[in-house]
Amino acid sequence: MVEDGKVTPKVVVGVDGSPTASWALLWAAAEAERRGWPLHVVYALAMPLVMSLYAGPTRVPPPEEVTTHGHGVLSTAAEHVRGRHDGLTVEEVLALPDPGTALLRQAGPDDLLVVGSRGLGAARSVLDASVSVRLAARAECPVVVVPGAEAEAPTIPPRRIVVGVDGSDDSRRALAFALREASLAEGGSVVVVHGWGVTPPFDAGSAAGGGWAPPDDLLDQRSQEMVSQMLERVVDDGTEGVGVSVVRVGGEAAQAIVEAGATADLIVVGSRGRGSVRGLLLGSVSQGVLHGATVPVMVLPRSPRPRG
């Protein structure tokens, strides 16, 4: 969709007819309506590639019954959404590749990508975790992973948001995003979580026998200073009214974020990939949160590297 020469951002959501994908669809539709964006509903046929000496790799054409089934899933999803969100623009997209590839191709840098955490159907549910991680690691736009837990209606905009921070630029962007989102909801609040679990490069048990103990006081002090400095840098006139609480623990960060987010409307984390090739890896904390969270998780893409 183009307005005034500009391409309107969109919300892209993957469906496959499963209950979890339906919950992701409802979340995506509510968010699209809030933003005033169109909703693109994608069903992936996952047709295999074949190699040709002259034409190169091409997709196997889908049988008619497979295509018909795909259109049926899309039609049902679109009707379900239109029944709840009158006036929402809904586009149905039937794609040939696997779900991960199809969704990455549909979503641009300014879009929002939504997927269910078990949205691949019972026969292939073992792949769902890797697909969610792949999307969150490689997408150029924010990715929301909606877990397979039934809810009557999504809380849009989210009122209680949990965000994980570690002092990095990516986590600072996540904190700023969480504060802005919470400012849109009446009584919005943000819980800032930092875990500083440190594994010593030696046998901690033997060291403890000699009187050594981890410098918890020092680590706690540095954690407090880091979180305070981040808040000072990102809070502005538009977000100063947001209620902020801080959780700092000397344990594993992902577990602390998941526990703090158990009753939240949304968890926000940065991708924090450390691979030499951008987008191939997702940070261990982000992966841990995706695997353990029981509420929707938004993973923000990495900051673009400056050119020069």
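1. Strands here are DSSP runs (E, at least two residues), as are helices (H or I, at least four), with numbering from the N terminus. Two strands count as paired if DSSP finds at least two bridges between them. β13 and β14 pass that test, running parallel over four bridges.

2. Before going on, the ground rules. This is a predicted model, where local features need pLDDT of at least 70 and side-chain atom pairs count only at pLDDT 80 or more, while totals for chains, interfaces and linings use all residues. Residues are numbered from 1 along each chain as its sequence is written, and side-chain values use heavy atoms, leaving out hydrogens and water.

3. Back to β14 (297–300). Strand β9 (residues 143–146) pairs with β14 in the antiparallel sense over three bridges, and V144 sits opposite M298. Both faces of β14 are covered, with V297 and V299 buried on one side and M298 and L300 buried on the other. Buried means under 20% relative accessible area, exposed means over 50%, and partly exposed is in between (1.4 Å probe, protein chains only). In a regular strand, side chains alternate between the two faces of the sheet.

4. Zooming out, the open sheet has ten strands in the order β7-β4-β3-β8-β9-β14-β13-β10-β11-β12, and the pairing is mixed. β7 (90–95) and β12 (243–249) are the edge strands; each has a single partner, so one side of each lacks a neighbour in the sheet. Neighbouring strands are turned by 20° against each other on average, direction ignored. Axes are lines fitted to C-alpha atoms (for helices, over the stretch in contact), and angles between N-to-C directions run from 0 to 180 degrees.

5. Contact means heavy atoms within 4.5 Å.

6. S223 is worth a click. The residue lies in helix α7 (residues 216–234) and is buried, with a relative accessible area of 2%. Its side chain makes a polar contact of 2.7 Å with that of H194. The criterion is a pair of N or O atoms within 3.5 Å; within protein, one must be able to donate a hydrogen and the other to accept it, and residues adjacent in sequence count only if both atoms are side-chain atoms. Leaving aside neighbours within four places in sequence, S223 is in contact with H194, W196 and R248.

7. Two backbone spots to check. Most residues other than glycine have a negative phi, and most peptide bonds are trans. I156 and P157 are joined by a cis peptide bond, with omega about -5°, and P157 lies in the loop between β9 and β10. A46 has a positive phi, near 55°; this alanine is in the loop between β4 (39–44) and β5 (49–50) and is partly exposed at 32% relative accessible area.

8. Chain totals, for context: nine helices and 14 strands, with buried residues making up 46% of the 308. Of the contacts with a separation of 6 or more, 78% are between residues 24 or more positions apart.
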